[in-house]
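Dear colleague,

I am handing over the structure below, with the sequence. My notes on what was found follow it.

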Amino acid sequence: MNTSNRPTDLPAFQIPDENRRVLLARRPLGIPQPDDFAIETAPRPSPTPGTFLIRNIYLSADPAQRGWASAEANYSEPVAIGGPMRGLTVGIVVDSMDPEVSVGEFLYGLFDWQDFAVADRSKILMRLRKPLPLQVCTNLLGINGLTAYLALTELGRPQSGETLLVSTAAGAVGGFVGQIGRLLGCRTIGLTGDDAKVERCRTRYGYAEAFNYKTADLNAVLNDAAPQGIDVYFDNTGGPILDTALRHMARGGRIVQCGTASTASWNPVPTGPRNEREVLTRRLVWSGFIVFDYLDRFEQAADRLAEWYLDGKIVSDEDISEGIEHAPGAIASLYAGKNVGKKLIYIGR
Ligand SMILES: NC(=O)c1ccc[n+]([C@@H]2O[C@H](COP(=O)([O-])OP(=O)(O)OC[C@H]3O[C@@H](n4cnc5c(N)ncnc54)[C@H](OP(=O)(O)O)[C@@H]3O)[C@@H](O)[C@H]2O)c1
């Protein structure tokens, strides 16, 4: 086992004089499309006292960026029009005027979609000090693995022998939720949007059963797959999948509301079946999760995830495009379900 405290499998990266930046050109309506962004080139910036300069190597594409770019109801300020697109990245510190941040350190944080960022420590989500491939650090030790682990264990609280249902089961978060649920002794059922991903759920992420929610009769398959009911539903989609799953929850079941991928727009607020009676009669606990509320738990969660990875108990899949020109279309591509694993954009060259 590699015992160094640095990421491994480092891809090549250069330190150009220019800084390519993906800017938010206009406020998106619903899911951000490539034309909502513009790429500009500016001179490479320099750090000022108390800050450091980071060279981004992988840009992360995340469904949350749709909310960050829009003016719809959200938990954070919308990205400014004409400003760099808010984004998670992994990079290396190449210059520093902060004595606590060293040149050569690898950091994961909110350094935005650009080659270089001048940032202070408030933007760091994690200092990468584990001997895992850099791309795996961006996924398993990034918000995808952390969300899967923290939301499932803190809010889903699965017990060994319980039945766990997961939507977007083959996605970056969902793939980890299925694997962690199995490691914790649950019987796992996955829902995803195409047959190849269904196969991947079964063969790679260890789901006991998996179904294509677009073609299966969801009511019938959940009746068969969870005859005693679902104890924990880890929901990344909301919408019709949630409406059906609710009616298969076991008494005292827990629903973790982690994402709402199936709703294209929250303005106007969509209508649907009334669900409060199901929550009441089944004595359900329905909790919302935002990973940034758990910053003080990241290190502890990352230790556990890294240990599972190094012991070969968990796999981490990344879907990597090369070149910053892939960034503007990356969020739309996620919502079209085109990614197989965590969507990353490599911009080191
Ligand atoms: N609350 C938090 O703090 C937090 C943090 C991280 C992520 N999340 C949420 O976790 C979820 C998964 O994120 P991720 O990064 O792992 O992305 P992902 O699952 O790798 O990619 C998004 C997936 O959403 C599915 N999808 C898109 N449109 C859909 C629709 N109309 N109905 C049902 N499914 C649809 C697609 O999967 P299929 O092909 O299977 O349909 C697509 O691959 C997202 O909802 C995200 O917002 C929440």
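How many residues surround the ligand, and which are the closest? There are 26 residues around the ligand, and the closest are Val173, Thr192, Lys197, Tyr213 and Asn339. Please keep in mind that this is a predicted model.

Ligand

The side chain of Tyr213 places an N or O atom 2.6 Å from an oxygen atom of the ligand. Backbone atoms take part as well: a backbone N or O atom of Gly193 is 2.9 Å from a ligand oxygen, and a polar backbone atom of Ala172 is 3.0 Å from an oxygen atom of the ligand. The ligand taken alone exposes 910 Å², of which the protein buries 90%.

Strand β11

Strand β11 covers residues 230-235. Six of its six residues are buried, so the strand is largely enclosed by the rest of the structure.

Two pairings of β11 are worth looking up in the model. Strand β8 (residues 163-167) runs parallel to β11 and is joined to it by three bridges. In this pairing, Val166 stands opposite Phe234 of β11. Strand β12 (residues 249-257) is also parallel to β11, with five bridges between them. Here Tyr233 is opposite Ile255 in β12. Helix α7 (residues 239-246) belongs with these last two strands: β11, α7 and β12 form a right-handed β-α-β unit.

Two loop residues

Thr51 sits in the loop between β2 (37-43) and β3 (52-60). Is Thr51 buried or exposed? Its relative accessible area is 12%, so Thr51 counts as buried, the cut-off being under 20%. The Thr51 side chain reaches the backbone oxygen of Thr48 at 2.6 Å. Apart from residues up to four places away in sequence, Thr51 touches Ser96, Met97, Asp98, Val118, Ala119 and Asp120.

Ser70 is in another loop, the one between α1 (64-69) and β4 (89-96). Ser70 has a relative accessibility of 4% and therefore counts as buried. With neighbours within four places in sequence left aside, Ser70 is in contact with Arg27 and Pro78.

When you open the model, you could begin with the ligand and Tyr213, whose side chain has an N or O atom 2.6 Å from a ligand oxygen. After that, β11 can be followed to β12 by way of the β-α-β unit.

Regards

Methods. Residues are numbered from 1 along each chain as its sequence is written. This is a predicted model: local features need pLDDT of at least 70, side-chain atom pairs count only at pLDDT 80 or more; totals for chains, interfaces and linings use all residues. Side-chain values use heavy atoms; hydrogens and water are left out. Buried means under 20% relative accessible area, exposed over 50%, partly exposed in between (1.4 Å probe, protein chains only). Helices (H or I, at least four residues) and strands (E, at least two) are DSSP runs, numbered from the N terminus. Two strands pair if DSSP finds at least two bridges between them. A crossover is right-handed if, with the strands pointing away from the viewer, the path from the first strand over the helix to the second runs clockwise. A polar contact is a pair of N or O atoms within 3.5 Å; within protein, one must be able to donate a hydrogen and the other to accept it, and residues adjacent in sequence count only if both atoms are side-chain atoms. Contact means heavy atoms within 4.5 Å. A residue is near a molecule or strand if one of its heavy atoms lies within 4 Å of it. Accessible areas come from the Shrake-Rupley method with a 1.4 Å probe; for residues, only the protein chains shown count as cover.
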